Amino acid sequence: MQATIGAGDFKAKCLQLLDEVANTKEVLVITKRGKPVAKLVPIPTETDLYGALEGSVVWEGDIVSPLENDWDASK
C-alpha cells in the first residue's frame with residue numbers, strides 16, 4: 001500500500017518528505033480533498049553501464065570473408 005499525505009501537510013514538510021522518499025525508495029501519493037493528485041516517486045539508482053551488455057553478443061564466426069561454396073549466378 002502506498003503512503004498518502006494531504007497537499008497542505010506536504011507543503012509544510014516538503015523537504016523532509018523528499019529526503020524520506022529518497023531514502024526509503026517508496027512512493028508517496030499526495031492528495032487534495034481526499035483525491036489523489038500527484039505521486040512523489042524516487043529516481044531509480046544509476047546502473048553502471050560498463051559491462052551491462054556482457055553475455056548478450058553471439059559470435060557467429062567470420063561474416064565478412066567470401067563463402068567457400070559456388071553460386072549458380074557466378075557460372
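Predicted model: local features only at pLDDT ≥ 70, side-chain atom pairs only at ≥ 80, totals over all residues.
Q: Is Arg 33 buried or exposed?
A: The cut-off for exposed is over 50% relative accessible area. Arg 33 reaches 83% relative accessibility, so Arg 33 counts as exposed.

Q: Where does Lys 25 lie?
A: Lys 25 is not a glycine, yet its phi is positive, near 60°. Most residues other than glycine have a negative phi. As for cover, Lys 25 has a relative accessible area of 46%, which means partly exposed. Its place is the loop between helix 2 (14-24) and strand 2 (28-32).

Q: In what order do the elements of the chain run from the N terminus?
A: The chain has two helices and three strands to arrange. From the N terminus on, their order is β-α-α-β-β.

Q: What is the radius of gyration of the chain?
A: Along the principal axes, the C-alpha atoms fill a box of roughly 85 × 25 × 20 Å. For 75 residues the globule rule gives 11 Å, and the chain is well over that, so it is more spread out than a compact globule, with a radius of gyration of 28 Å.

Q: How far apart are the mean positions of the positive and negative charges?
A: The chain carries 8 positive and 12 negative charges.

Definitions and conventions:
Residues numbered from 1 in each chain as written. Heavy atoms only, no water. Helix = DSSP H or I, 4+ residues; strand = E, 2+ residues; numbered from the N terminus. Rg over C-alpha atoms; globule rule 2.2 N^0.38 Å. Lys, Arg positive; Asp, Glu negative; His and termini not counted. Charge placed at Lys NZ, Arg CZ, Asp CG, Glu CD. Buried < 20%, exposed > 50% of the residue type's maximum accessible area, 1.4 Å probe, protein only.
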